[in-house]
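Keep the structure open as you read.

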Amino acid sequence: MNRFRTGNVLSVFSPHFDGDTMGRRLLALLIAFATAVSVLGGAPALAQEYSTTYSDYVYLPAPVVPAFAIPGGTFELYPKEGIHVKSVTAVSILNGPYDLQIVSSNDKSVTLKAPDDIAPDTYFLLIKTDKGTLVLPNGLKVFKEWPKTLKIAWVSDTHVTTGAKVGYVCEDYFQSDIYRLEEMCSNPIPLHSAVATYSAYQYWAMNHATILINTGDEVDTSGDATGYNIMYDITKLASASGLPVIGIKGNHDDPPTIYTQVLGPRYFYVTIGKFLIIGLDTGGDQGYPTMDQIEWMEKVLEGHKGYIPIVLYHHPYFFSPRWNYLGGVIENLDPSTDWDKIKDLLRPSWASQEEIAKRFLEDVVKYNITLTMSGHIHHDMYWLYTDKNGNKHYFLTLTSTGAPDKEPNPPANPSHSPTWYGSNLVVVDENGNVEMPYVSVDIEDNKVKSDFMSVPVPQRFIIFKHETDFGTALKFFNDLDHSVTGPIAVQVPANAKVDPDATNITYKVIASREIAGQYYMLLNVTIPQGVSQLVIDTGKDTEKPVVQIAYLQPSHPKPNSNFVVYFTAQDNLGIRDLYAVIYDSNGNPVKYGKVDKFPAEPSSGKPGDVFYVVQLPGLESGKYRLEIVAEDFYGNKAVVTKDLSIATSKPSTGTATSTTEEKGGICGPAAVVGLAFVPLLLRRRR
């Protein structure tokens with residue numbers, strides 16, 4: 001039987017601004033409006049008779065806190081007050097639907113029984129109530145039998161945002177400044193947090209992890225409702241691929257008003273066989289759990305003696321940069337007798353609350369908590385604490401999976417420790433042994449010496465996903481030293497099929513199904529090294545992309561000064577390659593460092609956004625031709641050009657002209673709206 005509980009969910013939402021100018025806020029509104037009216041972007045809407053807002057119906061399960069069961073086993077569902085559960089159905093792309101038997105119910109919980117013949121899978125739950133039907137992806141994970149080992153895929157600090165928070169990657173290099181990366185790499189890739197997060201989730205779904213855990217800061221801004229919906233969709237597709245997801249909130253998810261509406265509760269616990277997973281909330285700037293949570297955790301631990309406890313929280317417990325930034329080994333210190341030595345190694349937020357911090361570590365020893373997992377510092381960190389009984393307790397911290405706010409590689413300061421966009425696999429067995437099989441940790445004199453203690457995913461494995469009414473197209477970038485094989489679920493239009501002529505990966509369609517008004521396809525794929533693509537659509541794409549330059553900033557670039565080009569680009573299926581090239585007066589491409597094709601970046605993380613920017617290096621005085629090139633998944637290409645005159649006095653720019661290659665194109669409403677508003681807005685900003 002799977003049991004899980006949540007603490008009381010109570011939060012206050014305080015709208016705030018991050019110092020943006022009125023112009024930037026207006027830009028965001030205009031971009032959102034342009035995206036909304038576009039006929040090209042966006043997934044099909046959910047049928048009206050279904051709801052996806054879990055918090056209107058239940059406390060648990062939740063989109064990031066599934067239930068766990070085995071065939072014939074039972075689990076609990078906790079409805080909201082006044083909600084009467086009539087029936088519950090489990091369905092996946094491949095299996096079901098199965099009607100779950102209601103064994104018993106009362107005002108607080110409903111006990112459900114999984115059928116004896118239910119196939120092991122991760123299921124949507126369709127919860128029919130007197131107030132409507134809730135569609136809950138990642139609602140139930142069914143194992144053939146309880147696992148004796150948990151293979152935990154681990155991500156953290158995904159920081160999904162609808163803003164333009166982009167980092168740049170190439171091989172093992174990461175920089176927050178594209179100009180520095182262009183000096184080192186010929187193909188720097190702008191990596192948005194939404195792309196990075198989706199890539200990591202799908203990679204681990206393909207690599208057969210038991211569960212995936214996200215240790216907080218799932219979204220970058222707590223009031224970003226669209227960002228939480230993006231995170232919801234990423235979780236949905238990973239679970240539909242077979243990988244159940246567990247998530248906790250971080251300080252960027254605080255106050256947790258939207259978090260608790262869309263994703264999950266502030267704190268909770270679940271059991272998977274003999275494994276007990278507890279999720280705590282360390283607040284916003286607070287940085288530690290409340291005493292109420294500690295006492296709640298103790299009751300959970302008391303009720304689950306004999307289990308292997310794993311505790312998740314966002315702000316690290318041990319963190320001592322002056323002693324060693326990367327962590328270390330602590331031996332033979334007891335919190336009851338050696339607290340003065342221990343407290344100097346704590347993160348200041350925990351150390352500021354000695355009663356809470358001391359009691360937490362006493363619980364780690366008393367209940368033999370094997371593993372704790374945290375994030376927040378955007379860097380890998382490893383602490384191994386061995387108590388006086390000889391029991392090992394691992395305090396592990398993961399780098400950011402999705403945010404560019406971390407020490408780059410190479411580091412900006414040579415004395416600092418570099419990092420990358422990372423994730424990891426942590427394996428815990430039924431005896432409490434812990435290992436990270438893909439990485440090693442170098443320890444000298446009880447101090448960790450390893451900069452990178454995580455896997456370079458999504459650093460070296462990236463999936464760019466495009467979903468429209470015409471189809472779904474995926475571009476894979478695999479810079480690992482091996483191919484990647486496994487299941488992947490995609491949302492598609494009705495009647496869409498894989499186009500083998502436009503697909504150059506090995507694939508097998510396992511199943512297709514409509515679930516609650518949306519269509520999904522489950523495939524087994526092999527992603528080779530290099531760049532490849534998968535195209536699922538309702539017909540061959542004969543339309544070229546539509547590209548138009550909106551504005552330059554500054555409007556008159558000065559000699560040897562970097563400048564930015566704003567433009568719109570859209571396609572009925574999706575744009576595979578989008579970049580700029582600059583030619584000098586002799587027709588030779590201008591090179592900066594190792595780059596002569598300058599990558600375009602999305603202006604936001606909003607699905608279906610058609611606005612892009614490209615950062616260009618300073619040019620010497622003279623005449624140039626700028627080309628923006630867009631090529632879709634069928635090789636249809638569009639090119640827009642602009643003549644530039646870079647001069648030291650009274651510079652001027654020429655008129656923009658468009659040329660096209662391949663077949664004719666279309667111009668949707670988003671392009672019209674974007675081109676109407678963006679130049680006016682940018683003039684105002686200037």
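Cys 185 is buried, with a relative accessible area of 2% (buried is under 20%, using a 1.4 Å probe and protein chains only). Its partner is Cys 170, joined to Cys 185 by a disulfide with an S to S distance of 2.5 Å; the rule here is two cysteine sulfur atoms within 2.5 Å. Cys 170 is buried too, at 11%. The torsion about the S-S bond is about -105°, so the disulfide is left-handed.

A word on ground rules: this is a predicted model, where local features need pLDDT of at least 70 and side-chain atom pairs count only at pLDDT 80 or more, while totals for chains, interfaces and linings use all residues. Residues are numbered from 1 along each chain as its sequence is written, and side-chain values use heavy atoms, without hydrogens and water.

Now for the sheets. Strands are DSSP runs of E, at least two residues, numbered from the N terminus, and two of them pair if DSSP finds at least two bridges between them. Five strands make an open, mixed sheet in the order β16-β15-β11-β24-β25. β16 (245-247) and β25 (434-435) each have a single partner strand, so one side of each lacks a neighbour in the sheet. Inside, β11 (149-155) runs parallel to β15 (211-214), joined by four bridges, and Trp 154 sits opposite Ile 213 in β15.

Another open sheet has four strands, β28-β29-β34-β31, with antiparallel pairing. Its edges are β28 (461-467) and β31 (497-498). Seven bridges hold β28 to β29 (471-478), with Phe 464 opposite Lys 475 in β29.

Terms used: Buried means under 20% relative accessible area, exposed over 50%, partly exposed in between (1.4 Å probe, protein chains only).
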